[in-house]
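Please work through the following exercises with the sequence and the structure in view. Each task is followed by a solution in steps.

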Amino acid sequence: MTRKMLPYLNPYVAGVLLGVVLTGSFLVFGHGLGASGGVATLTGTAQAALMPEHASRSSYLVGLVLSHEHPLDNWAVFEILGVALGGLVSGLISGRLRVETFRGPNLSVRARLGFALLGGAIAGFGVRLARGCTSSQALSGGAVLSAGSWAFMFAVFGGAYLFAWFVRKLWT
Amino acid sequence: MFPLPLERLGHVGVNILYVVTGFFFGFMLEQAGFGNSRNLASQFYLRDMRVLKVMFTAIITAMLLLFALEVAGLIRPGTLYINPTHLWPGILGGFIFGVGFVIGGYCPGTSLVSAATLKLDGIFFVLGMVLGMLVFGETLPLFQAFFDASGAMGELTLPQVFGVSKGVVVVLVVALALGMFAAAEAVESYFRKKEGG
């Protein structure tokens, strides 16, 4: 962890390598990559465990979980476990594994964490409504030319660019 | 022929393959600089177009490889999963997600990588995401019909929408990506000069 921080990979090189991983996923499993589905499954599993009474009713997340015989036996859960491990190893060998908070130059740590929580909540709602995220819709659906995935992708950039001006104090 | 016949691997074997796939995915996201919310947010202030470059390079790489293998007859026709189109929930959800992205600085995959490398803002984003998903699950009955049926067109691809062959769309997507890369480089160099960085 005292290792010198290495520079990030050239974005085009990273893109090609990420594209190869994405292609590999399609060739091995017949589908692309995912991130939000695993988080949703874990969330639903926790909700079902903590609120069994409530879970017997038809909450969407719990319904999602119960559609599998064993709630955690879902590919998306295994995939995000791998994502976290891969990120951890990459950060470790690149000298970027350390406790810190990334934030704009004019924002306190406390405020940044509050906005991260808020942004995460808004994003979490949005990706469930859209049935996928940057990975499962934009990258995966984009590569196989799904019309809905391309519409989603432009909507994401549209929402972010339109709203960026209002929250510029967070980042600049 | 692809996709591979995974039945032979057994349950545990397949799950291990998913962990391995996720590993490479997370590794590449971190190497690309996406464990850092500042790199991601910069996209929306036009100072660093890394998000667009990585995303579209990955998309056209996979699109070209899959298209070539399909033309070569190495992929069983109709076996690759194509996200069904739910147009309006997809667009509204995408828009809401975009707003959350620029406020929170991450998307789901990148927040996991950020949290795994001990970034506190990444950890808080993941916690927020869990909350947002719970709220979605609890409120879904209020807009169930919209979610299920609005703009629901099943498996719909761009070649079908535009009534042209897949090859034509592949060429157009590559052209679009190259155009955006050129624009991204121009915008970055404009701000570098202007701000003397």
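**Exercise 1.** How many residues of chain B are in contact with residues of chain A?

*Solution.* This is a predicted model, in which local features need pLDDT of at least 70 and side-chain atom pairs count only at pLDDT 80 or more, while totals for chains, interfaces and linings use all residues. Residues are numbered from 1 along each chain as its sequence is written, and chains are lettered from A and ligands numbered from 1 in the order in which they are written.

Step 1. Two residues are in contact if their C-beta atoms, placed from the backbone, lie within 7 Å.

Step 2. On this basis, 101 residues of chain B touch 107 residues of chain A.

Step 3. By class, the side of chain B that touches chain A has 65 nonpolar, 29 polar and seven charged residues. Ala, Val, Leu, Ile, Met, Phe, Trp, Tyr, Cys and Pro count as nonpolar, Asp, Glu, Lys and Arg as charged, and the others, Gly among them, as polar.

**Exercise 2.** State at what angle helix α2 (residues 36–50) of chain A and helix α5 (residues 75–93) of chain A pack.

*Solution.* Step 1. Helices are DSSP runs (H or I, at least four residues), numbered from the N terminus. Axes are lines fitted to C-alpha atoms over the stretch in contact, and angles run from 0 to 180 degrees between N-to-C directions.

Step 2. The angle is about 110 degrees, and the axes are 7 Å apart.

Step 3. α2(A) and α5(A) are therefore roughly perpendicular to each other (65 to 115 degrees).

Step 4. The contact involves Gly37(A), Gly38(A), Val39(A), Thr41(A) and Leu42(A) of α2(A), with Ala76(A), Val77(A), Glu79(A) and Ile80(A) of α5(A). These comprise five nonpolar, three polar and one charged residues.

Methods. Helix = DSSP H or I, 4+ residues; strand = E, 2+ residues; numbered from the N terminus. Parallel < 35°, antiparallel > 145°, perpendicular 65-115°, else oblique.
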